[in-house]
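Below is a short briefing on one protein chain. Please look at the sequence and the model before reading the points.

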Amino acid sequence: ILVQAVSNSAEELKPTAMSVADIDWAGIAEKLPYERTQEAFQRRTELFDLMDPNGNGYLSLAEVDKGLRDILQIDEIFDAKPAIMRAFQAAKNYLPTSPGTPGADYVQRKEFRILLQFLRHYFELWVMFDSLDTGEDRRVDIGEFQSAIPKLAEWGVLIKESQAEDEFNKIDSNDGGQILFAEFCTWAIKQKLDLGEEENNGDVPELGMTVEEKIKDTFSRYDADGNGVITPEELSSLFSALDPDLSENEVKQIIGISDTNRDGVIDFKEFVDWLFNRKGGGKAGEVTEKQRQEAAVSAIDWDRIAQELPYERSDEAKAKRSELFSLFDPNGNGYLSLAEVDKGIRDILRVDDLFHAKPAIMRAFQDAKNAAPSPEGSPGEDYVQRKEFRILLQSLRHYFELWVMFQKIDAEGDR
(Lines give C-alpha, C1' and ligand atoms only; values in the text may rest on other atoms or scores of the structure.)
Protein backbone atom coordinates (compact mmCIF):
# COMPACT_ATOMS: atom_id res chain seq x y z
CA ILE A 1 0.00 0.00 0.00
CA LEU A 2 2.85 2.39 0.94
CA VAL A 3 4.68 1.65 -2.33
CA GLN A 4 1.47 2.28 -4.28
CA ALA A 5 0.93 5.59 -2.43
CA VAL A 6 4.46 6.74 -3.21
CA SER A 7 4.00 5.74 -6.84
CA ASN A 8 0.73 7.65 -7.07
CA SER A 9 2.34 10.73 -5.49
CA ALA A 10 5.19 10.59 -7.99
CA GLU A 11 2.73 10.47 -10.86
CA GLU A 12 0.91 13.50 -9.43
CA LEU A 13 4.17 15.48 -9.12
CA LYS A 14 5.40 14.52 -12.60
CA PRO A 15 5.22 17.57 -14.89
CA THR A 16 2.72 17.46 -17.69
CA ALA A 17 3.34 18.76 -21.17
CA MET A 18 1.75 22.11 -21.95
CA SER A 19 -0.85 22.32 -24.66
CA VAL A 20 -0.39 25.22 -27.06
CA ALA A 21 -4.16 25.59 -27.29
CA ASP A 22 -4.52 25.91 -23.50
CA ILE A 23 -2.12 28.85 -23.20
CA ASP A 24 -3.61 32.33 -23.05
CA TRP A 25 -1.18 33.94 -25.50
CA ALA A 26 -3.14 37.20 -25.63
CA GLY A 27 -3.06 37.42 -21.84
CA ILE A 28 0.70 36.81 -21.78
CA ALA A 29 1.28 39.46 -24.44
CA GLU A 30 -0.82 41.90 -22.41
CA LYS A 31 1.29 41.31 -19.30
CA LEU A 32 4.65 41.66 -21.08
CA PRO A 33 4.55 45.23 -22.50
CA TYR A 34 7.72 45.17 -24.59
CA GLU A 35 6.28 47.15 -27.51
CA ARG A 36 7.98 50.41 -28.48
CA THR A 37 5.09 52.71 -27.57
CA GLN A 38 4.72 55.44 -24.95
CA GLU A 39 1.95 53.50 -23.21
CA ALA A 40 4.09 50.34 -23.01
CA PHE A 41 7.06 52.41 -21.82
CA GLN A 42 4.98 53.82 -18.96
CA ARG A 43 3.75 50.36 -17.99
CA ARG A 44 7.31 49.01 -18.01
CA THR A 45 8.41 51.82 -15.72
CA GLU A 46 5.70 50.93 -13.21
CA LEU A 47 6.40 47.19 -13.50
CA PHE A 48 10.12 47.60 -12.95
CA ASP A 49 9.50 49.65 -9.79
CA LEU A 50 7.23 46.90 -8.47
CA MET A 51 9.74 44.14 -9.27
CA ASP A 52 12.62 46.15 -7.75
CA PRO A 53 11.50 46.37 -4.08
CA ASN A 54 14.80 47.77 -2.77
CA GLY A 55 14.90 50.44 -5.47
CA ASN A 56 18.53 49.92 -6.48
CA GLY A 57 17.81 49.89 -10.21
CA TYR A 58 18.86 46.25 -10.71
CA LEU A 59 16.85 43.02 -10.91
CA SER A 60 18.30 39.72 -9.76
CA LEU A 61 17.13 36.40 -11.16
CA ALA A 62 15.25 35.78 -7.90
CA GLU A 63 13.46 39.14 -8.20
CA VAL A 64 12.47 38.39 -11.79
CA ASP A 65 11.19 34.96 -10.78
CA LYS A 66 9.21 36.42 -7.87
CA GLY A 67 7.86 39.21 -10.07
CA LEU A 68 6.51 36.72 -12.61
CA ARG A 69 4.66 34.93 -9.85
CA ASP A 70 3.43 37.76 -7.61
CA ILE A 71 3.20 40.83 -9.85
CA LEU A 72 2.72 39.71 -13.44
CA GLN A 73 1.02 36.51 -12.22
CA ILE A 74 1.93 34.52 -15.32
CA ASP A 75 1.93 30.97 -13.98
CA GLU A 76 2.78 29.44 -17.36
CA ILE A 77 6.09 31.30 -17.58
CA PHE A 78 6.77 31.06 -13.84
CA ASP A 79 6.71 27.26 -14.17
CA ALA A 80 9.00 27.36 -17.23
CA LYS A 81 12.24 27.89 -15.29
CA PRO A 82 14.60 27.14 -18.21
CA ALA A 83 12.89 29.85 -20.26
CA ILE A 84 13.25 32.36 -17.42
CA MET A 85 16.93 31.52 -17.03
CA ARG A 86 17.63 31.90 -20.77
CA ALA A 87 15.77 35.22 -20.92
CA PHE A 88 17.59 36.58 -17.86
CA GLN A 89 21.01 35.57 -19.20
CA ALA A 90 20.26 37.13 -22.58
CA ALA A 91 18.98 40.43 -21.13
CA LYS A 92 21.46 41.11 -18.32
CA ASN A 93 24.38 41.91 -20.63
CA TYR A 94 22.40 43.37 -23.50
CA LEU A 95 23.57 46.94 -22.85
CA PRO A 96 26.91 48.25 -21.57
CA THR A 97 27.40 48.44 -17.81
CA SER A 98 28.75 51.55 -16.11
CA PRO A 99 32.22 50.99 -14.57
CA GLY A 100 32.14 50.06 -10.89
CA THR A 101 28.50 48.93 -10.91
CA PRO A 102 27.07 45.40 -10.55
CA GLY A 103 25.12 45.68 -13.81
CA ALA A 104 26.85 42.74 -15.51
CA ASP A 105 25.19 40.32 -13.07
CA TYR A 106 21.74 41.88 -13.04
CA VAL A 107 19.09 43.24 -15.39
CA GLN A 108 19.32 47.03 -15.41
CA ARG A 109 16.28 49.27 -15.82
CA LYS A 110 17.37 50.10 -19.38
CA GLU A 111 17.41 46.34 -20.18
CA PHE A 112 13.93 45.65 -18.79
CA ARG A 113 12.12 45.92 -22.13
CA ILE A 114 14.57 43.42 -23.59
CA LEU A 115 13.94 41.07 -20.65
CA LEU A 116 10.19 41.13 -21.25
CA GLN A 117 10.71 40.47 -24.94
CA PHE A 118 13.09 37.60 -24.24
CA LEU A 119 10.65 36.11 -21.71
CA ARG A 120 7.97 35.99 -24.41
CA HIS A 121 10.41 34.62 -26.98
CA TYR A 122 12.00 31.90 -24.85
CA PHE A 123 8.64 30.88 -23.40
CA GLU A 124 7.39 30.17 -26.92
CA LEU A 125 10.53 28.10 -27.55
CA TRP A 126 9.96 26.30 -24.25
CA VAL A 127 6.41 25.42 -25.29
CA MET A 128 7.76 23.98 -28.54
CA PHE A 129 10.47 22.06 -26.74
CA ASP A 130 8.03 20.79 -24.14
CA SER A 131 5.69 19.47 -26.81
CA LEU A 132 8.58 17.49 -28.38
CA ASP A 133 9.65 16.15 -25.00
CA THR A 134 7.03 13.41 -24.71
CA GLY A 135 9.12 11.66 -22.04
CA GLU A 136 8.83 14.82 -19.90
CA ASP A 137 12.46 14.61 -18.76
CA ARG A 138 13.51 17.97 -20.22
CA ARG A 139 15.47 16.19 -22.93
CA VAL A 140 14.59 15.16 -26.48
CA ASP A 141 16.02 11.87 -27.73
CA ILE A 142 16.28 10.74 -31.35
CA GLY A 143 12.97 8.87 -31.18
CA GLU A 144 11.09 11.91 -29.89
CA PHE A 145 12.74 14.07 -32.53
CA GLN A 146 11.76 11.72 -35.36
CA SER A 147 8.18 11.59 -34.08
CA ALA A 148 8.08 15.40 -34.06
CA ILE A 149 8.88 15.82 -37.77
CA PRO A 150 5.23 16.58 -38.70
CA LYS A 151 5.02 19.10 -35.85
CA LEU A 152 8.25 20.79 -36.93
CA ALA A 153 6.80 21.08 -40.44
CA GLU A 154 3.82 22.98 -38.98
CA TRP A 155 6.32 25.38 -37.37
CA GLY A 156 8.06 26.03 -40.69
CA VAL A 157 10.96 23.52 -40.78
CA LEU A 158 10.78 20.67 -43.27
CA ILE A 159 12.97 17.69 -42.36
CA LYS A 160 12.97 14.48 -44.36
CA GLU A 161 12.84 11.31 -42.31
CA SER A 162 16.07 10.16 -43.96
CA GLN A 163 17.77 13.34 -42.70
CA ALA A 164 16.35 13.32 -39.18
CA GLU A 165 19.37 11.70 -37.55
CA ASP A 166 21.83 14.08 -39.23
CA GLU A 167 19.75 17.08 -38.16
CA PHE A 168 19.47 15.70 -34.63
CA ASN A 169 23.26 15.38 -34.40
CA LYS A 170 23.69 18.98 -35.57
CA ILE A 171 21.41 20.22 -32.80
CA ASP A 172 23.06 17.97 -30.18
CA SER A 173 26.16 20.19 -29.99
CA ASN A 174 27.67 18.49 -26.93
CA ASP A 175 27.22 15.01 -28.46
CA GLY A 176 25.31 13.86 -25.41
CA GLY A 177 22.83 11.81 -27.41
CA GLN A 178 19.95 14.06 -26.37
CA ILE A 179 18.84 17.60 -27.22
CA LEU A 180 18.81 19.98 -24.27
CA PHE A 181 16.69 23.14 -24.14
CA ALA A 182 19.69 25.43 -24.67
CA GLU A 183 20.70 23.46 -27.77
CA PHE A 184 17.13 23.54 -29.06
CA CYS A 185 16.99 27.33 -28.59
CA THR A 186 20.18 27.88 -30.59
CA TRP A 187 18.84 25.75 -33.45
CA ALA A 188 15.26 27.07 -33.32
CA ILE A 189 16.37 30.71 -33.48
CA LYS A 190 18.43 29.98 -36.60
CA GLN A 191 15.46 28.18 -38.15
CA LYS A 192 13.07 30.98 -37.11
CA LEU A 193 10.57 28.51 -35.69
CA ASP A 194 7.17 30.04 -34.98
CA LEU A 195 4.12 28.53 -33.34
CA GLY A 196 2.03 30.86 -35.49
CA GLU A 197 -0.51 31.55 -32.77
CA GLU A 198 -0.16 35.32 -33.02
CA GLU A 199 1.79 38.17 -34.60
CA ASN A 200 5.16 38.74 -32.96
CA ASN A 201 4.96 42.55 -33.01
CA GLY A 202 7.25 42.92 -35.98
CA ASP A 203 10.37 41.58 -34.30
CA VAL A 204 11.41 39.82 -37.52
CA PRO A 205 11.29 42.02 -40.64
CA GLU A 206 8.83 40.68 -43.17
CA LEU A 207 9.61 40.15 -46.86
CA GLY A 208 8.19 42.85 -49.09
CA MET A 209 8.76 45.73 -46.66
CA THR A 210 9.15 49.17 -48.23
CA VAL A 211 12.43 51.05 -47.87
CA GLU A 212 10.83 53.36 -45.30
CA GLU A 213 9.51 50.38 -43.32
CA LYS A 214 12.92 48.70 -43.37
CA ILE A 215 14.61 51.89 -42.12
CA LYS A 216 12.05 52.25 -39.33
CA ASP A 217 12.54 48.60 -38.41
CA THR A 218 16.32 49.08 -38.29
CA PHE A 219 15.92 52.17 -36.12
CA SER A 220 13.60 50.32 -33.74
CA ARG A 221 16.18 47.56 -33.36
CA TYR A 222 18.82 50.08 -32.32
CA ASP A 223 16.36 51.82 -29.98
CA ALA A 224 16.59 49.17 -27.24
CA ASP A 225 14.32 50.84 -24.67
CA GLY A 226 11.76 51.99 -27.23
CA ASN A 227 11.74 55.70 -26.31
CA GLY A 228 12.10 56.98 -29.88
CA VAL A 229 15.77 57.96 -29.77
CA ILE A 230 19.08 56.08 -29.84
CA THR A 231 21.32 56.75 -26.85
CA PRO A 232 25.13 56.39 -26.76
CA GLU A 233 24.65 53.25 -24.64
CA GLU A 234 22.38 51.66 -27.24
CA LEU A 235 24.82 52.53 -30.01
CA SER A 236 27.70 51.06 -28.01
CA SER A 237 25.75 47.83 -27.54
CA LEU A 238 25.02 47.62 -31.25
CA PHE A 239 28.55 48.30 -32.44
CA SER A 240 30.10 46.04 -29.80
CA ALA A 241 28.11 43.21 -31.36
CA LEU A 242 29.02 44.22 -34.93
CA ASP A 243 32.68 45.07 -34.29
CA PRO A 244 34.20 44.23 -30.87
CA ASP A 245 37.33 46.24 -31.79
CA LEU A 246 35.39 49.50 -32.17
CA SER A 247 36.52 51.92 -29.45
CA GLU A 248 34.34 54.02 -27.21
CA ASN A 249 35.77 57.12 -28.85
CA GLU A 250 34.78 55.90 -32.32
CA VAL A 251 31.20 55.43 -31.11
CA LYS A 252 31.36 58.99 -29.75
CA GLN A 253 32.48 60.13 -33.19
CA ILE A 254 29.42 58.53 -34.79
CA ILE A 255 27.22 60.26 -32.22
CA GLY A 256 29.04 63.55 -32.87
CA ILE A 257 28.51 63.33 -36.62
CA SER A 258 24.91 62.14 -36.46
CA ASP A 259 23.61 64.24 -33.57
CA THR A 260 23.07 67.44 -35.54
CA ASN A 261 20.92 69.16 -32.87
CA ARG A 262 23.51 68.31 -30.17
CA ASP A 263 21.04 66.86 -27.64
CA GLY A 264 23.17 63.78 -26.94
CA VAL A 265 20.87 61.25 -28.67
CA ILE A 266 19.97 60.35 -32.25
CA ASP A 267 16.36 60.73 -33.37
CA PHE A 268 14.85 59.09 -36.45
CA LYS A 269 15.64 61.95 -38.87
CA GLU A 270 19.27 62.07 -37.72
CA PHE A 271 19.46 58.30 -38.03
CA VAL A 272 18.24 58.41 -41.65
CA ASP A 273 20.77 61.14 -42.49
CA TRP A 274 23.59 59.11 -40.96
CA LEU A 275 22.43 55.87 -42.60
CA PHE A 276 22.60 57.31 -46.11
CA ASN A 277 25.83 59.32 -45.64
CA ARG A 278 28.03 56.98 -43.58
CA LYS A 279 29.42 55.11 -46.62
CA GLY A 280 29.68 58.07 -48.97
CA GLY A 281 32.53 58.13 -51.46
CA GLY A 282 34.11 60.91 -53.54
CA LYS A 283 33.22 64.40 -52.45
CA ALA A 284 30.55 63.25 -50.00
CA GLY A 285 33.01 60.78 -48.53
CA GLU A 286 35.59 63.55 -48.04
CA VAL A 287 33.06 65.65 -46.14
CA THR A 288 32.19 62.67 -43.93
CA GLU A 289 35.87 62.05 -43.20
CA LYS A 290 36.39 65.71 -42.31
CA GLN A 291 33.38 65.54 -40.00
CA ARG A 292 34.80 62.38 -38.43
CA GLN A 293 38.10 64.09 -37.66
CA GLU A 294 36.41 67.15 -36.18
CA ALA A 295 34.10 64.94 -34.13
CA ALA A 296 37.11 63.05 -32.79
CA VAL A 297 38.29 66.21 -31.05
CA SER A 298 34.87 67.45 -29.90
CA ALA A 299 33.95 64.04 -28.48
CA ILE A 300 36.94 63.90 -26.11
CA ASP A 301 36.24 64.67 -22.47
CA TRP A 302 39.31 66.81 -21.81
CA ASP A 303 38.19 67.74 -18.29
CA ARG A 304 37.96 64.10 -17.29
CA ILE A 305 41.36 63.32 -18.80
CA ALA A 306 42.90 66.18 -16.79
CA GLN A 307 41.21 64.88 -13.65
CA GLU A 308 42.48 61.33 -14.21
CA LEU A 309 46.09 62.49 -14.80
CA PRO A 310 47.01 64.42 -11.60
CA TYR A 311 50.44 65.75 -12.58
CA GLU A 312 50.10 69.12 -10.86
CA ARG A 313 52.57 70.09 -8.11
CA SER A 314 50.13 70.14 -5.21
CA ASP A 315 49.67 68.05 -2.07
CA GLU A 316 46.30 66.80 -3.29
CA ALA A 317 47.68 65.75 -6.67
CA LYS A 318 50.70 64.15 -5.01
CA ALA A 319 48.43 62.06 -2.76
CA LYS A 320 46.38 60.94 -5.78
CA ARG A 321 49.55 60.02 -7.68
CA SER A 322 50.78 57.93 -4.77
CA GLU A 323 47.53 55.95 -4.72
CA LEU A 324 47.51 55.57 -8.51
CA PHE A 325 51.08 54.31 -8.69
CA SER A 326 50.35 51.63 -6.08
CA LEU A 327 47.35 50.50 -8.17
CA PHE A 328 49.42 50.48 -11.37
CA ASP A 329 52.19 48.51 -9.63
CA PRO A 330 50.45 45.26 -8.53
CA ASN A 331 53.67 43.44 -7.56
CA GLY A 332 54.88 46.39 -5.50
CA ASN A 333 58.44 46.46 -6.89
CA GLY A 334 58.42 50.22 -7.48
CA TYR A 335 58.73 49.98 -11.27
CA LEU A 336 56.15 50.19 -14.05
CA SER A 337 56.56 48.36 -17.33
CA LEU A 338 54.94 49.58 -20.55
CA ALA A 339 52.40 46.75 -20.23
CA GLU A 340 51.51 47.83 -16.68
CA VAL A 341 51.05 51.42 -17.80
CA ASP A 342 48.84 50.32 -20.71
CA LYS A 343 46.76 48.07 -18.44
CA GLY A 344 46.47 50.82 -15.81
CA ILE A 345 45.11 53.31 -18.35
CA ARG A 346 42.48 50.77 -19.39
CA ASP A 347 41.47 49.21 -16.05
CA ILE A 348 42.26 51.86 -13.44
CA LEU A 349 42.03 55.25 -15.15
CA ARG A 350 39.49 53.89 -17.66
CA VAL A 351 40.30 56.59 -20.19
CA ASP A 352 39.44 54.82 -23.44
CA ASP A 353 40.40 57.78 -25.64
CA LEU A 354 43.95 57.63 -24.28
CA PHE A 355 44.11 53.81 -24.12
CA HIS A 356 43.52 53.56 -27.89
CA ALA A 357 46.22 56.16 -28.64
CA LYS A 358 49.08 53.64 -28.50
CA PRO A 359 51.70 55.87 -30.17
CA ALA A 360 51.08 58.56 -27.54
CA ILE A 361 51.45 56.04 -24.70
CA MET A 362 54.68 54.74 -26.17
CA ARG A 363 56.18 58.23 -26.54
CA ALA A 364 55.16 59.21 -23.01
CA PHE A 365 56.65 56.02 -21.56
CA GLN A 366 59.93 56.52 -23.41
CA ASP A 367 60.19 60.12 -22.15
CA ALA A 368 59.37 59.33 -18.53
CA LYS A 369 61.42 56.21 -17.93
CA ASN A 370 64.74 58.08 -18.04
CA ALA A 371 63.58 61.40 -16.59
CA ALA A 372 65.30 60.74 -13.24
CA PRO A 373 68.65 59.00 -12.55
CA SER A 374 68.40 55.27 -11.80
CA PRO A 375 70.31 53.66 -8.90
CA GLU A 376 73.30 51.71 -10.13
CA GLY A 377 72.45 48.07 -10.80
CA SER A 378 68.68 48.67 -10.79
CA PRO A 379 66.34 48.06 -13.74
CA GLY A 380 65.14 51.69 -13.65
CA GLU A 381 66.36 52.56 -17.13
CA ASP A 382 63.83 50.20 -18.69
CA TYR A 383 60.90 51.06 -16.42
CA VAL A 384 59.10 54.09 -15.00
CA GLN A 385 60.09 54.54 -11.35
CA ARG A 386 57.79 55.97 -8.68
CA LYS A 387 59.73 59.28 -8.76
CA GLU A 388 59.10 59.49 -12.53
CA PHE A 389 55.37 58.85 -12.32
CA ARG A 390 54.37 62.53 -12.31
CA ILE A 391 56.40 63.03 -15.48
CA LEU A 392 54.66 60.02 -17.04
CA LEU A 393 51.21 61.47 -16.34
CA GLN A 394 52.24 64.86 -17.70
CA SER A 395 53.77 63.28 -20.80
CA LEU A 396 50.63 61.20 -21.37
CA ARG A 397 48.52 64.36 -21.37
CA HIS A 398 50.98 66.18 -23.63
CA TYR A 399 51.47 63.42 -26.21
CA PHE A 400 47.77 62.57 -26.28
CA GLU A 401 47.00 66.17 -27.25
CA LEU A 402 49.64 65.96 -29.99
CA TRP A 403 48.14 62.64 -31.11
CA VAL A 404 44.70 64.20 -31.46
CA MET A 405 46.19 67.02 -33.54
CA PHE A 406 48.01 64.47 -35.69
CA GLN A 407 44.81 62.47 -36.22
CA LYS A 408 42.98 65.57 -37.35
CA ILE A 409 45.62 66.19 -40.04
CA ASP A 410 45.76 62.48 -40.99
CA ALA A 411 42.67 62.54 -43.25
CA GLU A 412 43.41 59.06 -44.64
CA GLY A 413 43.53 57.53 -41.17
CA ASP A 414 46.70 55.54 -41.98
CA ARG A 415 48.88 57.12 -39.25
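Which residues of helix α19 (residues 338-349) are buried? They are Glu340, Val341, Gly344, Ile345 and Leu349, where buried means under 20% relative accessible area with a 1.4 Å probe and protein chains only. The model is predicted, so local features need pLDDT of at least 70 and side-chain atom pairs count only at pLDDT 80 or more, while totals for chains, interfaces and linings use all residues. Residues are numbered from 1 along each chain as its sequence is written, and side-chain values use heavy atoms, with hydrogens and water left out.

**Whole chain**
- The protein chain has 22 helices and four strands; these are DSSP runs, with helices being H or I of at least four residues and strands E of at least two, numbered from the N terminus.
- Of its 415 residues, 40% count as buried.
- Among contacts with a separation of 6 or more, 60% join residues 24 or more positions apart, a contact being heavy atoms within 4.5 Å.

- The buried residues of α19 are Glu340, Val341, Gly344, Ile345 and Leu349.
- They cover an arc of only 140° around the axis, which puts them on the same side of α19; the arc is that of the directions from the helix axis to the C-beta atoms.
- The cover over the buried residues of α19 includes α17 (302-308), α18 (315-328), β3 (335-336), α20 (352-355), α21 (358-368) and α22 (389-409).
- In α21 the residues Ala360, Ile361, Ala364, Phe365 and Ala368 are buried.
- Their arc around the axis is only 130°, which places them on the same side of α21.
- The buried residues of α21 are covered by elements including β3, α19, α20, β4 (384-385) and α22.

**Nonpolar cores**
- The largest nonpolar core has 50 residues, of which Leu32, Ile77 and Leu119 touch the most other members; such a core is a set of buried Ala, Val, Leu, Ile, Met, Phe, Trp, Tyr and Cys residues joined through side-chain atoms within 4.5 Å.
- At least two residues of this core come from each of α2 (25-31), α3 (38-51), α4 (61-70), α6 (81-91), α7 (112-132), α10 (164-171) and α11 (181-191).
- Helix α7 supplies the largest share of this core, 14 residues.
- Apart from this core lies another, of 28 residues, among them Leu354, Ile361, Ala364 and Phe389.

**Packing of α3 on α7**
- The axes of α3 and α7 are 10 Å apart and the helices pack at an angle of about 90°; axes are lines fitted to C-alpha atoms over the stretch in contact, and angles run from 0 to 180 degrees between N-to-C directions.
- The two helices α3 and α7 are therefore roughly perpendicular, the class for angles of 65 to 115 degrees.
- Arg44, Leu47, Phe48 and Met51 of α3 meet Phe112, Arg113 and Leu116 of α7.

**Single residues**
- Isoleucine 305 is in helix α17 and counts as buried at 3% relative accessibility.
- Not counting residues up to four places away in sequence, isoleucine 305 touches Ile300, Val351, Arg397 and Phe400.
- The C-alpha atoms of isoleucine 305 and arginine 397 are separated by 7.7 Å, although the two are 92 residues apart along the chain.
- Glutamate 167 is in helix α10 and counts as buried at 16% relative accessibility.
- Leaving out residues up to four places away in sequence, glutamate 167 touches Phe145, Ile159, Trp187 and Gln191.

Methods:
Angles under 35 degrees count as roughly parallel, over 145 as roughly antiparallel, 65 to 115 as roughly perpendicular and the rest as oblique.
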